[in-house]
Structure formats: structure tokens, C-alpha cells
Amino acid sequence: MTTFTLGGDLTVNRLGFGAMRLTGKGVWGPPADRDECIRVLRRAVELGVTFIDTADSYGPYISEELIHEALHPYPDDLVIATKAGLLRTGPDVWVPLAKPAYLRQEVEMSLRRLEVETIDLFQLHRVDPDYAIAEQVGELAALQREGKIRHIGLSEVDIDTLRAAQQEATIVSVQNMYNLTVRQSEPLLDVATDEGIGFIPWFPLAAGPLAAQDGPLQTIAAEHGATASQLALAWLLKRSPAMLPIPGTSRVAHLEENVAAADITLTDAEFETLSAAGAAEN
């Protein structure tokens with residue numbers, strides 16, 4: 001696996017693991033098979049995953065609790081990123097809430113659930129329109145100065161919001177929806193690449209018609225002895241050296257398939273073919 005260094009001091013393997021799916025339906029409550037989720041987390045580390053992305057809102061709290069149960073005490077090279085800024089009031093309900101006092105509370109609670117003294121990467125899950133970005137990121141910067149956060153990231157932002165946040169703190173990552181066919185965040189990705197900011201694409205595997213039996217994903221995948229999903233991840237990894245895909249799953253077999261995508265190297269021609277096909281679906 002190739003690596004990326006977050007904030008100049010946290011080097012991770014670029015293909016990580018997103019822990020949202022370790023919960024019940026609607027990202028609400030416990031998973032249907034808790035033991036399998038524990039096995040997924042432990043197997044991810046065995047396979048060389050060193051970057052796990054979670055959030056207080058996954059469950060809520062369930063994902064962080066499972067990570068602690070499965071992996072604490074954590075391997076020295078494991079980076080656990082978490083987030084706050086979305087209030088959960090029911091299955092599939094996500095309400096932006098980044099009042100500074102609330103962010104502080106959630107940082108303190110994540111520290112407790114994960115049982116760490118410092119959160120490696122803490123991301124503002126959504127910018128709250130009711131508060132100035134300076135207040136939201138400023139509170140995270142204060143927590144950083146207190147030693148409770150090592151690095152700060154953002155989720156679902158544009159370039160202007162990134163620039164405003166950078167006035168308050170060093171931003172080491174951005175996390176936006178991005179995949180082969182959903183590429184509205186391309187300008188932000190280019191900025192992140194140029195500035196050495198990690199770009200964490202959520203929902204990395206959407207491919208739609210491209211994954212059809214006679215589509216370009218399946219055709220190229222067959223030549224690599226791989227699946228369409230693996231090719232979609234390989235495309236992301238080739239798209240930018242700052243790209244940190246975090247495919248998630250609650251099954252070990254699916255995890256192993258995803259992680260194997262890191263060993264697939266697309267040719268430039270294959271990359272261009274998929275890029276053009278994805279743009280046509282955009």
C-alpha cells in the first residue's frame with residue numbers, strides 16, 4: 001500500500017476503513033451482527049489498514065465503542081479519525097449542530113469512548129449555518145492547543161469554506177462525497193493535492209451504469225482478475241496522491257475484497273478510459 005502523511009507527522013496507508021456501517025439500519029443503533037463487526041475491525045488492522053474513520057454520530061456512539069472494544073490498546077501506527085457536527089434524532093436523520101460548546105462536549109466524549117488522551121484527527125462533520133466558521137473551527141483549535149486534538153479536518157466543504165477555516169487553524173484533511181461518477185468536488189481535490197491536504201472521499205464506490213456487465217469497469221476489472229468495486233477504488237488511488245479512500249463494510253469477506261484494491265495498478269490508458277466514462281455519467 002502507498003502512504004500519505006497527515007499534518008506532517010501521521011503516516012497512514014492510503015486505503016483506510018470507514019466505520020459508519022458498523023451500526024444498525026439507518027446508521028442507528030447496534031449492528032445486526034456485533035461479533036462480525038468486531039472481526040472486521042481486527043481483520044482490517046491485520047491486513048495493514050492504519051487509518052480508521054468514524055464519528056460520534058454513527059450509531060450514535062456505537063461505532064466508536066466497537067472500535068475501542070475491538071482494538072484497544074491500539075497499535076502504534078493506527079490513526080483513528082472521528083468527527084462531530086451532526087445531531088442524531090432517529091434513523092437516517094442528520095441535523096447540523098456545531099455550536100462550539102457542543103463540539104467541545106463531543107470531543108470530550110469521544111476521548112472517553114475511544115480511551116485516548118488525544119484524538120489524532122478530529123473533523124467538523126458539517127458546518128453549522130447558525131454559527132460563524134471562525135467560532136466552529138476556533139473551538140477545535142482551542143481544543144488542539146489543549147492537547148485534546150492533534151489535527152483538524154473538515155467534511156463537506158467548498159474551497160471558500162476551506163480558506164475561511166484556514167484562517168483559524170491548520171486544516172490537514174477534507175472529506176467530501178467523491179467517486180468515479182460523482183465528482184463535483186474536483187476543484188477542492190485539486191487544491192488539496194496541491195497543498196498536501198488529505199482528501200477523504202466518502203461514498204467512494206458508486207459507479208452506477210459503469211458497473212453494468214458490459215460496462216468499462218467490468219471489462220477492465222476482468223483483465224485484472226478483479227471486481228468492479230476494486231477497480232473503482234484503484235481509480236481513486238491513482239487520481240491523486242492525497243486521496244484516502246475509506247470504503248466501509250460490516251463483513252470480513254467484503255473488507256478483504258476492498259483492501260485488495262490497493263494492490264491493483266491501473267495503466268494510464270485504463271485510468272483515462274474510466275475517467276472519461278465516469279465524467280459522461282456525471
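Which residues lie nearest the centre of the largest pocket? Of the 21 residues that line this pocket, Met20, Tyr58, Trp202, Phe203 and Pro204 lie nearest its centre. The model is predicted, so local features need pLDDT of at least 70 and side-chain atom pairs count only at pLDDT 80 or more, while totals for chains, interfaces and linings use all residues. Residues are numbered from 1 along each chain as its sequence is written, and side-chain values use heavy atoms, with hydrogens and water left out.

**Pockets**

- A pocket is an open set of points on a 1 Å grid over the protein atoms alone, where a 1.4 Å probe fits, with protein on both sides within 12 Å along at least five of seven lines; lining residues have an atom within 4 Å of a point.
- The largest pocket holds about 540 Å³ of space, a volume being the space filled by probe spheres set on the points.
- Its lining divides into 12 nonpolar, 6 polar and 3 charged residues, where Ala, Val, Leu, Ile, Met, Phe, Trp, Tyr, Cys and Pro count as nonpolar, Asp, Glu, Lys and Arg as charged, and the others, Gly among them, as polar.
- The second largest pocket holds about 310 Å³, and among its 15 lining residues Tyr74, Leu78, Val116, Thr118 and Asp120 are the closest to its centre.
- Strand S5 (79–84) and strand S8 (119–124) each supply at least two residues of that lining, strands being DSSP runs (E, at least two residues) numbered from the N terminus.

Key. Helices (H or I, at least four residues) and strands (E, at least two) are DSSP runs, numbered from the N terminus.
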